[in-house]
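Have the model open in your viewer before you read on.

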Amino acid sequence: MKALIILLNKILYQIGKLFHKGSSMPGKVALKIDKNILKKISLPDNIIMVTGSNGKTSTTEMICSVLRENGKTVACNTEGANQLAGVTTMVLNNTKLSGEMKKDVLLIEVDERSLKIILQYIRPKYLVVTNLYRDQLTRNGHPEFIYDEIKRPLTDDIHLVLNTDDPLSSLLGYQKKNVTYYGMEENSLSKKENTSVYHDGKYCPNCKHKMQYEYFHFNQVGAYKCPNCGHERKKPDYAVTSLNMASGELTINRKYTLQLNLRSVYNAYNTLATFAVCRLIGVKDDLVVQSLSNYSLKNDRIQVFNVGGHETMLLTSKHENSISYNQSLLYITRENIPCTVVVIVDAISRKYFTSDTSWLWDIDFELLQSENVKKVILAGKYVHDLNTRMQFAGIHDTKIVSKMDLDEMMREIKEHAEGKVFVVTCFSDRMKLINRIK
Amino acid sequence: MGITGNVRILKKHLEDQGLDVSLEQKSFEDEINLEDYDFIYLGSGTERSLDAVLEDIKKYKEKLNQLIHRDKPMLCTGNSFEMFGKTIDEKEALGIFDFETKRNKLRDVGDVIYKSKYLEKKVVGFINKQTYMYHNMNPLFSVEFGVGENENNDYEGVKYKNFFGTHVTGPILIKNPELLQHFVEIICHNRNKDFKMKEIAYPNEIEGYELTLDELEKRRKQ
């Protein structure tokens, strides 16, 4: 029976591929026949799961790439199907009919709401939690709610790999031994105050006492300490000890220097998490550095085009996720070249219905006051909400153009953009741009 | 999410009416002289944060009670107005109003359309809560689309004198220009009975509202 289900999964997967269908359907069918099928597969010892609000797809992709480049065989859901059905498809696809997965490593990106379900069938050796931020509250409620859902099914045998700079996700390691921490030391980009619209680290997530901060990298991410319960930024096992945004040079543990292809703080964190995991799996340090240096992400979140003679860069961000937007805005201001910034909010989600634009008020659009931003083009159905938000961001009216219609937005970019063009939008809207460019 | 928008836009509209407005952000454990303010706003937080704030805010119980009865304009969004009831689960709350809050395992999250007898236009908003509430108070809204106060989904929020409590989260005043205008008038008239309101147009805010209402109405009919 097991062999039949595995075979069926493989056949359905191939058929699905012909029709460009998502990869969750075969797994769904397999689970319908036997909901415990995953428990019956003999899996490798090295199982890594990657979850968190932001960065899990990029981190998973990089870990996979480094491991493969260094001779490991890896089964991985790089297609981003990160819920139970998609994971089932991927696992069965990589399993022999005998029920054995002959790979060195099973690497799974896991949706943070699905973790508790997937943990019922697969127990990882390593669990990476990249961070827990305000993200898609329409389905996630709030970050502490997600924290509880992740924490509940954890057992001490799972080795946690945590971002020590994020006060919420790092709390998963509170008073635990089996933990590896990674983080970024204070650098020239760090600030002494939180300058963001909101501050989710103001109070300790553990005991709700006022937290003390030494510095911030962005939003609530930085060096914190709770004087009451002792929850604090632990000394990282893997640390970015220097980061030069101008040259893209990043140094880990004062020893390993590598070149960032995409010069963003986000990419620095994902690269660091990858370094930590690959070292835990046993890849030699200099080989990890070699593989990660100049790594260019294949998941096409960053794309470059030419629009009417303007060099144009798409920075895919996530609607309903202010930190993701902030990272794109920070990137634009730090590039510090004359530019036009286009923000498109047309459909808020492609997965569920919502018309909620509250999250616009959590984004630090004030960053667009930056001298190098010459023009701001707002576009899409929610252009009025964007416009209202901009009025409060201290951006001069003369700098802003609003176009609800996306064809008109294209014309505006082609004919009136100044300097390089940065487009900030979400997965749900970016094809509307890409299709109009091609 | 997005709650700072409420006070930012209110400040702007009051200034447009010619008032000199200062905005102070207070957090729990801060010393607050509630008498000093023309308007008090409480935003939403996580359940654990609410528990912590509730213990802290109890020292203001008498003062809050007096102010509410003396028509102080107050707006509480999200879970914050749960604190003004008798209990949250077994925990004793401020007890200023006669309602009880029960916490659930599952969250109610999603868009809503409400109607209020105090406003001509419908109210649009976003709910993100994990509680049911039961009371016989004057409700602020009746539910047209989405969830309400409890499993009956008929009413939402409370209104008593100038106290407005609703589970709608986020920038409710930005999303609903008429509700914002209502508060602007209450605050202006509370300071000066004969205050002459200026007519000011806010086209972006109105069009943003109409678009969202339109989207939600379409969704409701599906």
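**Walking through the model**

The C-alpha centres of domain 1 of chain A and domain 2 of chain A sit 28 Å apart. Those two domains cover residues 41-292 and 302-437 of chain A, with bounds that come from an automatic or database domain assignment. Before going further, some bookkeeping: residues count from 1 along each chain as its sequence is written, while chains are lettered from A and ligands numbered from 1 in the order in which they are written. Keep in mind that this is a predicted model, where local features need pLDDT of at least 70, side-chain atom pairs count only at pLDDT 80 or more, and totals for chains, interfaces and linings use all residues.

Where the domains meet, domain 1 of chain A puts in 18 residues and domain 2 of chain A puts in 19; contact here has C-beta atoms, placed from the backbone, within 7 Å. On the domain 1 side, α6 (137-140) and α8 (265-281) of chain A are the elements that give two or more residues. Helices (H or I, at least four residues) and strands (E, at least two) are DSSP runs, numbered from the N terminus. α6(A) gives the most to that side, with three residues.

Now for a sheet in chain A. It is an open sheet of six strands in the order β12-β13-β17-β14-β15-β16, with mixed pairing; strands pair if DSSP finds at least two bridges between them. Its edge strands are β12 and β16 (400-403) of chain A, each pairing on one side only. From one strand to the next the twist averages 20 degrees, with axes as lines fitted to C-alpha atoms, for helices over the stretch in contact, and angles from 0 to 180 degrees between N-to-C directions.

Start at β12 (residues 302-307) of chain A, which runs antiparallel to β13 (residues 310-316) of chain A, with six bridges joining them. Gln303(A) stands opposite Leu314(A) in β13(A). Two residues separate the strands of this hairpin, and Gly308(A) takes a positive phi near 55 degrees there. Over at β15(A) and β16(A), the pairing is parallel, with four bridges, and Ile377(A) stands opposite Val401(A) in β16(A).

Helices pack here too. Helix α12 (residues 406-416) of chain A touches β12, β13, β14, β15, β16 and β17 (420-425) of chain A, at about 165 degrees to β15(A). Helix α11 (residues 383-391) of chain A lies across β14 (339-344), β15 and β16 of chain A, at about 145 degrees to β15(A).

Zoom in on Val376(A), found in strand β15 (residues 373-379) of chain A. Is Val376(A) buried or exposed? Val376(A) counts as buried because 22 other C-beta atoms lie within 10 Å; the cut-offs are 20 or more for buried, 12 or fewer for exposed, and partly exposed in between, with C-beta atoms placed from the backbone. Leaving aside neighbours within four places in sequence, Val376(A) is in contact with Val341(A), Leu368(A), Met390(A), Ile395(A), Lys399(A) and Ile400(A).

Finally, the chains: 30 residues of chain B are in contact with 29 residues of chain A. On the chain B side, α6(B) gives the most, with nine residues. As for confidence, the predictor gives the complex an ipTM of 0.93 and a pTM of 0.92. Chain B averages a pLDDT of 94, with 100% of the residues scoring at least 70; pLDDT is the predictor's confidence in each residue, from 0 to 100.

Note on methods:
Two residues are in contact if their C-beta atoms, placed from the backbone, lie within 7 Å.
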